[in-house]
Amino acid sequence: MGTAGPAKEVMSREEADRALERLDAEHEAVESSLLALQDHAGRRLLEGARLTGTTAHRWARAETAITSLWNGFEAYSRTLERARELRARRRWPSRDDLAELTRLLRGTLTVSGGALALSPGASPTQSPKLAEELTLSRLVERMNEWYAQALDVVAAADSVWSALPARIDLLAAELGRVRSLAHSVGVRPGEHPAADDLEQTTAELAALREEVVADPLAFWTPTSGSGAPGGGRPDTTRYDNAARTLEDVRREIDAVLAVRQDAETRLMKLRDVLSRADRTLAEARAARGEVLAKIAAWDVPAVSGPPTALQEQLATAAEHRRHARWHRLSPLLESLEERAEEELERARAELSAVTAPLAVRAELRGRLDAYKAKVAQNGLAEDRILIERYDAARRMLWSAPCDLRAAEEAVLRYQRAAQEALAQRQREARHTAGGAMNMGAE
């Protein structure tokens, strides 16, 4: 580094003092930033890490920027120190002193190219300049640029290392707990998809941690539009995907554990449901025989057999329970529970369909007796036509086998005759009441 070049206009004492005060403040700020960067945990980690990829490339450039920063700071410090010593010689500096101060504070410094090898905006392959002329103010600007360049790498790497490895380790520990639970309930690789997912997630977490440690900047997303060093956030996409997969597996294992805890209760309920379905079908078969014996000219549906396939699957479920094959028992129980309820509903529907003719006969008997009571209440119990039609309908409904369609027609004939007789009785009553009113008027 050479000495400062000449300045065109000599500074006054007041101007020199103000310039020294400003440069002292800038020197203190740059020194504080340098020391903070030197003590930054991210820088120490970067220096000791075996880096690859984006981080290795950017850290190499950042190290050059840090070297340039220290070299520039040392040159700045030496020049400022000479200026301080010169100003401290006399309270009232001479013309020559002011000229020298002007040259030091406003003139240019010949800075070697090594200190400026990676100036911001320069191409990585561009050859560094052998030397560059810079004023102290411009040198401060360049040092700020190098500092921002280095801090951007250091802060981003530190943010990723602070965020991801510890979270990956916690997730890996949780994964180990889930794997132990999975093994205890028979969920093993090659036998259950959840176990295969565990193996894949284990490999993914190991690879992710290795990549994060070696190349943290590959997992850094800069904040759009932010010019501040280290502006951005860690990219946790792969970690989040692994966490979601593990959560899905954990829920699956919890479901299997729940099966282990209440398997016997659920099996007993299944046996009960299927037994009720069997009894209902047996009742339907017995009822069908009764209907065929008591009802004629009516289509009575056949009754299906017992659910043997479900019984076989129930036996398989019990076998899984005895041998602690919980991962196989879990989906089988869910399927059986749904199908057993469907089987019970089907048996009930068959019983209702088979006994429908008996229900129709009972409804016709009730309707016939209800109209007979109504006829008697209105003084028509001795009506010959009604007696004949009632007796005809009753014989059909109480005979075996009963021709249900013919009996229904007989009940309708009696019903119509009863309605006509009742209507006639009402007309006669109104006519009699009208005649009595006329006689009273006379």
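**Helices, salt bridges and rings in a predicted model**

Q: Which residues of H1 are buried?
A: Ala16, Ala19, Leu20, Leu23, His27, Val30, Leu34 and Leu37 are the buried ones in H1. Buried means under 20% relative accessible area, exposed means over 50%, and partly exposed lies in between, using a 1.4 Å probe and protein chains only.

Q: What kind of model is this, and how are residues numbered?
A: This is a predicted model, in which local features need pLDDT of at least 70 and side-chain atom pairs count only at pLDDT 80 or more, while totals for chains, interfaces and linings use all residues. Residues are numbered from 1 along each chain as its sequence is written, and side-chain values use heavy atoms, with hydrogens and water left out.

Q: What do the buried residues of H1 pack against?
A: They pack against helices H2 (41–48), H3 (53–88), H4 (95–106) and H5 (136–184). Contact here means heavy atoms within 4.5 Å. Helices (H or I, at least four residues) and strands (E, at least two) are DSSP runs, numbered from the N terminus.

Q: How far does H1 reach from its first C-alpha to its last?
A: H1 covers residues 13–39, which is 27 residues, and it reaches 39 Å, close to the 39 Å expected at 1.5 Å a residue. The expected span is 1.5 Å times one less than the number of residues.

Q: What does the UniProt annotation "coiled-coil region" cover?
A: The unreviewed UniProt entry puts it at residues 13–40 and 246–287. UniProt positions are given in the numbering used here, feature names are shortened, and annotations may be inferred rather than shown by experiment. In the model, residues 13–40 are 96% helix and 0% strand, with the end C-alpha atoms 40 Å apart.

Q: Switching to charges. How many salt bridges are there in the whole structure?
A: The search finds 26. A salt bridge is a side-chain nitrogen of Lys or Arg within 4 Å of a carboxyl oxygen of Asp or Glu.

Q: Which residue does Asp24 form a salt bridge with?
A: Asp24 pairs with Arg84, and the closest N and O atoms are 2.5 Å apart. Asp24 lies in helix H1 and Arg84 in helix H3, so the pair ties together parts that are 60 residues apart in sequence.

Q: Is Asp24 buried or partly exposed?
A: Asp24 is partly exposed, at 26% relative accessible area. Arg84 is also partly exposed, at 30%.

Q: Which residues are linked in a network of salt bridges?
A: Glu247, Asp248, Arg250, Arg251 and Asp254.

Q: On to rings. How many aromatic pairs are there?
A: Two. Rings of Phe, Tyr and Trp (its six-membered ring) pair if their centres lie within 6.5 Å; planes under 30 degrees apart count as stacked, over 60 as edge-to-face and the rest as tilted. Trp70 and Phe73 have ring centres 6.2 Å apart and planes at 85 degrees, so that pair is edge-to-face.

Q: Where do Trp70 and Phe73 lie?
A: Both are in helix H3, three residues apart, about one turn. Trp70 is partly exposed at 27%, and Phe73 is buried at 6%.

Q: What sits over the ring of Trp398?
A: The charged end of Arg365 does, 4.4 Å from the ring centre. Arg394 also lies over the face of Trp398, at 4.4 Å from the ring centre. For this, NZ of Lys or CZ of Arg must be within 6 Å of the ring centre and within 35 degrees of the ring normal.

Q: Last one, where is the cis peptide bond?
A: It joins Ala400 and Pro401, with omega about -5 degrees. Pro401 is in the loop between helix H10 (384–397) and strand E6 (402–403).
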